[in-house]
Amino acid sequence: MLLCAVYNAPMSLDVESLSRAANEARGLAMDAVQASKSGHLGLPLGCAEMGAVLYGNALKHNPDEPRWIGRDYFILSAGHGSMLPYAWLNLSGYDVPMEEIRRFRQLHSKTPGHPEYFETPGVECTTGPLGQGVGNAVGVAVAAKMAAARFNTPEHPIFDQHIICLAGDGCLQEGVSAEASAFAGHFGLDNLILIYDSNAVTLDAMAAATQSEDTGKRFQAYGFDVQNVDGNDMKAFLCALKKAKARDNGKPQMIIAYTVIGKGIPEVAGTAKAHGEAGAKFVDEARKNLGLPQEHYFVSQETRAYFAKHKKALLRQYKRWQKMYKDWRAKHPDQAQLLDDAIEKKVPDDLLAKVPNFPADAKIATRKAGSEVLQPLAREMPFLISGSADLHGSTLNYIEGGEDFTRENQKGRNIRFGIREHGMCAIMNGIGYHGVFRASGATFLVFADYCRGAIRLSALSKLPNIYIFTHDSIGVGEDGPTHEPIETVSGLRVIPQLDVIRPADPEETAGAFVAAAQRTDGPTLLALTRQAVPTLNDIDANLRREGVARGGYIAQRETAGLDLILLSCGSELQHAIAAAKELGAGTRVVSMPCFERFEREPESYRNEVLPDECRRRVAIEAGVTDLWFKYVGLDGKVIGLHRFGLSAPGDQVMKEFGIDAQHVIEAARSL
Ligand SMILES: Cc1ncc(C[n+]2csc(CCOP(=O)(O)OP(=O)(O)O)c2C)c(N)n1
């Protein structure tokens, strides 16, 4: 029996078998990268011993049930090293057969270039844009703490797991990981273990060419415990891992693991050349040196036998958990039902009916309407979490009575992310990947650019996040052009799978929040005004709130033969309605709060709203005009602006740029 020298705990580690497995995993990475003529060899080779310890010993998981809620999470933030998890998932017995390893990076394989959440069993997060995985791991750690606080009992530690993230120099150089790590330290996420693959190499050069900070000290300053270890020494690494797992001291854990990038290919090992696929030309010789046969994709009987045995042990561990879980379900059936509903992402069908109508004379900002809509939603959706990047006072998305998430109160539903927009969104993704909670988060819309890297990945991974982004146009006013979105809404509309909804008044805001809540196969961004908007009583209230779900709808129908269509959304819809009054009985007003939802409607509906035969069309929105031409066509006109805004009261800025009914009327008459 080995003893962990640091704290004398027994360790059983079959070094011989796992060393063999590590070399065979290296062989798989070499073969796959060589065959696809692309991909990264350095990390899977350099971290092979850590992969062996994790998958062959330390991780709590179940290859037959990859999404088991009691599992440890392994997140490869350095997603370019994707052959590391693919090889170990294959060896562990996940549904990642050798055929898929052979098809590394090929069309529709389960082994895409970088790990993708929906593509590969056992892959927890979509990673590759460096740093994101660290933010995701922090988010999973938040969700695991929240779930434990809500569901665990002293007898039933259902959620009792560690989130293990492997990150390289690149991940830790990126700002998003710094934001998320500072958050993790502050909120005491001691279920997080961040392994820093410190191999002194980045892509272009040695890491020393671009970094000289003391990373360990930096993370200590964030509030982490930091251990240093030789990452190619399996015993030392397992010992550090066990120590990190055992520490429930309110500190996230960092293990700085010194490794040799590209270990196994002497021609490139330890240098930046090991990083990509350059080492592939030396692999025939490398195979020999590693004791591997010339046969490609080779896995020995011994390794298969080791992992078959290990899987049996994992299944015993899983069964013990199942027994405890069943007992919990029997004793707490209401809680069990709640958990089932949360995992299934159940949202009441009649959610809209739970949101009271606004008074017809309400003249409030859509952000304020949003804050009122959020409260009944939060009551109906107990797993809805609402956070803000230090702007709850402006974004108005605080769940009343939901309490703050703190070290002491991990049941709290309001997360104070601090001024860390990118970190917030990467953490929201982690909460989404965890799968129990629905994450919503808020900031000013103009800062969506800070969040974009994470928002894009939420769309790619189909996470049902809700972004409550306020101050959505030049209507922001006095804060000036730095704070006035111009191109931002359009820039977000072009992200595939992201719904952007810009509601026009309080009732549309109700519809927008409910549409976002009921959409569970992708994220929704709500763009809300800072300034008060009139309630659009010319349109039936139910039509306004229900119309949003279709993305676009006929807000005001013509009363004579159709000869003009006015389109708009958000705070500018009022101008289209006012203009219509002057433009004659043949004018139709279309409210278009969400392009993406409208595009998902059947063609027949879209043609009904925007019939081909009427080509006289004018759109108005206080932002760049380009995307609107899809709906007004080359014969139509769009009122908007293609320059940055101004610092002055919002109504004056709107007027200065001609965002009003008069300009709609003039444009229509000129057609
Ligand atoms: C945000 C982002 N920027 C750049 C890249 C391209 N890239 C992939 S790996 C890498 C270098 C990473 O260095 P390190 O984390 O030390 O990885 P290692 O060299 O150890 O494999 C770069 C620049 C990326 N994937 N994501």
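Modeller: Let us begin with a cut-off: a residue counts as buried when its relative accessible area is under 20%. Please bear in mind that this is a predicted model.

Colleague: Why is C125 called buried?

Modeller: The relative accessibility of C125 is 4%, and the limit is under 20%. C125 therefore counts as buried.

Colleague: What makes C614 count as buried or exposed?

Modeller: C614 has 5% relative accessibility, so C614 counts as buried.

Colleague: How many disulfides does the structure hold?

Modeller: The structure holds zero disulfides. A disulfide is a covalent bond between the sulfur atoms of two cysteines, and the cut-off applied here is a pair of cysteine sulfur atoms within 2.5 Å.

Colleague: What makes strand β12 largely enclosed by the rest of the structure?

Modeller: Strand β12 covers residues 466–470, and five of its five residues are buried, so the strand is largely enclosed by the rest of the structure. I466, I468 and T470 point one way, Y467 and F469 point the other way, and all are buried.

Colleague: Which strands pair with β12, and in what sense?

Modeller: Strand β11 (residues 438–444) pairs with β12 in the parallel sense over five bridges, with G441 opposite Y467. Strand β14 (residues 524–528) also pairs with β12 in the parallel sense over five bridges, and there F469 stands opposite A527. At least two bridges are required for a pair, and five are found with β11 and five with β14.

Colleague: Which elements make the right-handed β-α-β unit?

Modeller: That unit is made by β11, helix α17 (residues 448–460) and β12.

Colleague: Where is E621 placed, and why is E621 called buried?

Modeller: E621 lies in the loop between β19 (617–620) and α24 (629–632). Its relative accessibility is 4%, so E621 counts as buried. Among the residues that E621 touches are R493, R502, C569 and W628.

Colleague: What makes the pair of E621 and W628 a polar contact?

Modeller: The side chains of E621 and W628 make this contact at 2.7 Å, and the cut-off for such a pair of N or O atoms is within 3.5 Å.

Methods. Residues are numbered from 1 along each chain as its sequence is written. This is a predicted model: local features need pLDDT of at least 70, side-chain atom pairs count only at pLDDT 80 or more; totals for chains, interfaces and linings use all residues. Side-chain values use heavy atoms; hydrogens and water are left out. Helices (H or I, at least four residues) and strands (E, at least two) are DSSP runs, numbered from the N terminus. Buried means under 20% relative accessible area, exposed over 50%, partly exposed in between (1.4 Å probe, protein chains only). A polar contact is a pair of N or O atoms within 3.5 Å; within protein, one must be able to donate a hydrogen and the other to accept it, and residues adjacent in sequence count only if both atoms are side-chain atoms. Contact means heavy atoms within 4.5 Å. A crossover is right-handed if, with the strands pointing away from the viewer, the path from the first strand over the helix to the second runs clockwise. Lists of a residue's contacts leave out its neighbours within four places in sequence.
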